[in-house]
Amino acid sequence: MEAGSSTMVTAAKLPVLNLGEFELWKMRIEQYFLMTDYALWEVIVNGDSPPPKRIVDGVEQTYPPTTAEEKLARKNELKARGTLLMALPNEHQLKFNTYKCAKTLIDAIEKRFGDNKESKKTQKTLLKQKYENFIRSSSEGLNQPIC
């Protein structure tokens with residue numbers, strides 16, 4: 001290596017989903033895919049092309065990928081799905097292993113961990129209860145005699 005020239009190798013750490021921090025994880029996993037392999041993020045967002053099919057004796061049959069494009073699409077699909085599974089906490093990996101498509105997998109993860117209206121309503125109710133308990137305990141503390 002010549003003096004003055006340097007090579008920089010950066011490795012992005014795969015963000016693992018923390019329960020309750022889905023939105024942050026989603027942003028980080030997108031950045032991870034954009035930094036490592038943009039084609040994988042495209043597979044996750046848009047889904048992959050359907051498996052190749054041909055008609056034999058009037059029956060439609062799927063066949064293994066044969067062209068370079070079909071093989072690359074299959075490789076990207078498997079890699080994107082596998083990376084998403086690795087980004088899940090260990091106790092949730094078996095639950096999501098049944099999804100065979102990266103797009104359906106990310107949709108299922110979002111449905112399970114993302115903030116939907118019902119979970120936001122529950123969180124709002126819990127916050128309101130905590131606030132009321134805090135106010136109640138604070139006002140009781142003010143009424144006690146000082147030693």
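Reader: Which residues does E60 touch, not counting residues up to four places away in sequence?

Author: Leaving out residues up to four places away, E60 touches K53, R54 and I55. This is a predicted model, and E60 is found in its strand 2, where E60 is also the bridge partner of I55.

Reader: Why is E60 called exposed?

Author: The relative accessible area of E60 is 56%, and the word exposed is used for values over 50%, so E60 is exposed.

Reader: What makes strand 1 and strand 2 a pair?

Author: Two strands pair if there are at least two bridges between them, and strand 1 (residues 53-56) and strand 2 (residues 59-62) have four bridges, in the antiparallel sense, so by that rule they count as paired.

Reader: What is the phi of D57, and where is D57 found?

Author: D57 is found in the loop between strand 1 and strand 2, in a hairpin that has two residues between the strands. The phi of D57 is near 55 degrees, which is a positive value in a residue other than glycine. Most residues other than glycine have a negative phi.

Reader: Is D57 buried or exposed, and how do you know?

Author: D57 has a relative accessibility of 78%, and since exposed applies over 50%, D57 counts as exposed.

Reader: What makes helix 1 oblique to helix 3?

Author: Helix 1 (residues 22-36) and helix 3 (residues 68-86) pack at an angle of about 140 degrees, with their axes 12 Å apart. Roughly antiparallel would need an angle over 145 degrees, so helix 1 is classed as oblique to helix 3. The contact involves W25, I29, Y32 and F33 of helix 1 together with A80, T83 and L84 of helix 3, and the crossing of these two helices is right-handed.

Reader: Which residues does N76 contact, and why is N76 called buried?

Author: N76 lies in helix 3, and its relative accessible area is 10%; buried means under 20%, so N76 is buried. Leaving aside neighbours within four places in sequence, N76 is in contact with D37, A39, L40 and V43.

Reader: How many aromatic pairs are there, and why is the pair of Y32 and F33 called edge-to-face?

Author: The count comes to five aromatic pairs. In the pair of Y32 and F33, the ring centres are 5.7 Å apart and the planes stand at 75 degrees; centres must lie within 6.5 Å for a pair, and planes over 60 degrees apart count as edge-to-face, so this pair is edge-to-face. Ring pairs also link Y32, F33 and W41 into a cluster.

Reader: How do you know that Y32 and F33 are buried?

Author: Y32 has a relative accessible area of 17% and F33 has one of 0%. The cut-off for buried is under 20%, so Y32 is buried, and F33 is buried as well.

Reader: Why does I106 count as buried, and what is I106 in contact with?

Author: I106 has its place in helix 5 (residues 102-113) and has a relative accessibility of 7%, and because buried means under 20%, I106 counts as buried. Apart from neighbours within four places in sequence, I106 is in contact with W25, I44 and L84. The C-alpha atoms of I106 and K26 are separated by 9.4 Å, although these residues are 80 residues apart along the chain.

Reader: What does the protein chain as a whole come to in secondary structure?

Author: The chain comes to six helices and two strands, and from the N terminus on the elements run α-α-β-β-α-α-α-α. Buried residues make up 23% of its 147 residues. Among contacts between residues at least 6 apart in sequence, 49% join residues at least 24 apart.

Technical notes:
Residues numbered from 1 in each chain as written. Predicted model: local features only at pLDDT ≥ 70, side-chain atom pairs only at ≥ 80, totals over all residues. Heavy atoms only, no water. Phe/Tyr/Trp six-rings, centres within 6.5 Å; stacked < 30°, edge-to-face > 60°. Buried < 20%, exposed > 50% of the residue type's maximum accessible area, 1.4 Å probe, protein only. Axes fitted to C-alpha atoms, helices over the stretch in contact; angles between N-to-C directions. Parallel < 35°, antiparallel > 145°, perpendicular 65-115°, else oblique. Left-handed = near helix turned anticlockwise from the far one by under 90°. Contact = heavy atoms within 4.5 Å.
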